[in-house]
Every structure is written in C-alpha cells, then in structure tokens.
Amino acid sequence: MATIDPRIIPLIETLVNSGVDWLAFEILDGIRLGRPQLSTDEEVQAARNAVWSFRKGHAPPNLETIEAAVPTLSGDNQIRFAEEYTIERISQSIAMANASLLQLNRIAGQTSDTLGASNTRANSEIVLRWIDGEESLTRVQAEETLHKLPALRVALAEWSKSVRQDREDK
C-alpha cells in the first residue's frame, strides 16, 4: 500500500471543496491500492474459451491462477495518475449526464399523441437535481461543461507539471 504524496493534497482539497468528494476518494483509493495490470490478449482469450466451454456443458479447461502484482504508485506517478484519472472521470460523468439529459428531454418532448393524448408537444426541460444539495444540471449546462473539458485538461497538466518540477528543483 502506497503512502499518499503530500503534493496530491491541494488537488484533493479542491475536489472536495468543489463538491466532487467522490472523485477525491476514488483517487486516494487508486493511489493506495495501486494500478492493476491489464490482462494480456492470451489471458482474455483463455477466459473466453473457458466461458464458452462451460456454456456448452463441458468442463472448462484448467486455467492457471494468475497472481498479477499490483504496482504501487509513488511520487511523480501518483501525480500523473491523479491528473489522468481526474480528467477521465469528470469527462465520463459529464458525458453520461449529458446523454441522460438528452434522452430524457427526447422522451419528455415527444408528442402527446404518441403517449395517447391530444397532438400537442410537451414544453418541458428535464433538469437533474441532487438530493443533498441545491445544485442542478440542465442539458445546456452539461454541453457547456463538455466544451470546457479541454481547458480543465490543460489546467491539470500544468498543475501536474508544476508540482513535479517543484520536487526536482528542491
């Protein structure tokens, strides 16, 4: 288990203060537990063959237990991980919220005729609202946020570079 590099703390505090403490916890867990190794193509194919054999009613072939070492993250690798993971998860979250809002607005905007009533269009805009807070998200806000992600990527890259450089300078 890795020790958290103190240079990560400002990013964690920023995330918590911004209301995305779930992301801060995911980053800390990722650093503590290490980054798991990806399976090789051969391992994936062997697993698929075993599932196929089992589905056909055959005993699956003996698969060797693979004890993949999970490399711990330390120093600059923690900084790079936090930078990459932050932009990846925020991008995924916003894209999923945007897709959900688009679909919900399509459903809400269907003609009443398709829903069994008179032929008038529904004038509604779906808004996501969080239970524990005042925050909400509209489709327009989600799309605007998606367009701002490149700037966030640049800011995180600059932060990552600066904290790694500070360590080299000392």
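Biologist: Which residues of the largest nonpolar core touch the most other members?

Modeller: Residues are numbered from 1 along each chain as its sequence is written, and side-chain values use heavy atoms, with hydrogens and water left out. A nonpolar core is a set of buried Ala, Val, Leu, Ile, Met, Phe, Trp, Tyr and Cys residues joined through side-chain atoms within 4.5 Å, where buried means under 20% relative accessible area, exposed over 50% and partly exposed in between (1.4 Å probe, protein chains only). Of the 23 residues in this core, those that touch the most other members are Ile8, Leu11, Leu15, Leu23, Ile27, Ile31 and Trp159.

Biologist: Which element gives the most to this core?

Modeller: Two or more residues come from each of H1, helix H2 (21-33), H4 and helix H5 (139-169). Elements are DSSP runs numbered from the N terminus: helices are H or I with at least four residues, strands E with at least two. With seven residues, the element that gives the most is H4.

Biologist: Seen down the axis of H1, within what arc do its buried residues fall?

Modeller: An α-helix has 3.6 residues a turn, so residues three or four places apart point the same way. In H1 the buried residues are Leu11, Ile12 and Leu15. They line one face of the helix, because their arc, seen down the axis, is within 100°. The arc is that of the directions from the helix axis to the C-beta atoms, and for H1 the value is 100°.

Biologist: Which residues is Thr86 in contact with, leaving aside its neighbours within four places in sequence?

Modeller: Thr86 lies in helix H4 and is buried, with a relative accessible area of 2%. Contact means heavy atoms within 4.5 Å. Leaving those neighbours aside, the contacts of Thr86 are Leu11, Leu15, Leu23, Ile27 and Leu156.

Biologist: At what distance does the side chain of Thr86 reach the backbone oxygen of Ala82?

Modeller: A polar contact is a pair of N or O atoms within 3.5 Å; within protein, one must be able to donate a hydrogen and the other to accept it, and residues adjacent in sequence count only if both atoms are side-chain atoms. From the side chain of Thr86 to the backbone oxygen of Ala82 the distance is 2.6 Å.

Biologist: With which side chain does Glu26 make a polar contact?

Modeller: Glu26 is in helix H2 and is partly exposed, at 24% relative accessible area. Its C-alpha lies 9.3 Å from that of Thr86, 60 residues away in sequence. Leaving aside neighbours within four places in sequence, Glu26 is in contact with Tyr85 and Arg89. The polar contact, 2.6 Å between side chains, joins Glu26 to Tyr85.

Biologist: What is the angle between the planes of Phe81 and Tyr85?

Modeller: Both residues are buried and lie in helix H4 (residues 76-108), four residues apart, about one turn of the helix. Rings of Phe, Tyr and Trp (its six-membered ring) pair if their centres lie within 6.5 Å; planes under 30 degrees apart count as stacked, over 60 as edge-to-face and the rest as tilted. By this rule the count is one aromatic pair. Phe81 and Tyr85 form it, stacked, with 5.3 Å centre to centre and a plane angle of 25°.

Biologist: How far apart in space are Ser74 and Gly34, C-alpha to C-alpha?

Modeller: Gly34 sits in the loop between H2 and H3 and is buried, with a relative accessible area of 10%. Ser74 belongs to the loop between H3 and H4 and is partly exposed, at 46%. These two residues are 40 residues apart in sequence, and their C-alpha separation is 9.2 Å.

Biologist: Over which residues does pLDDT stay under 50?

Modeller: The protein averages a pLDDT of 80, and 78% of the residues score at least 70. Where pLDDT is low, the predicted coordinates should not be read in detail. The stretch under 50, for which the model has eleven contacts beyond four places in sequence, is residues 118-122.

Technical notes. pLDDT = per-residue confidence, 0-100.
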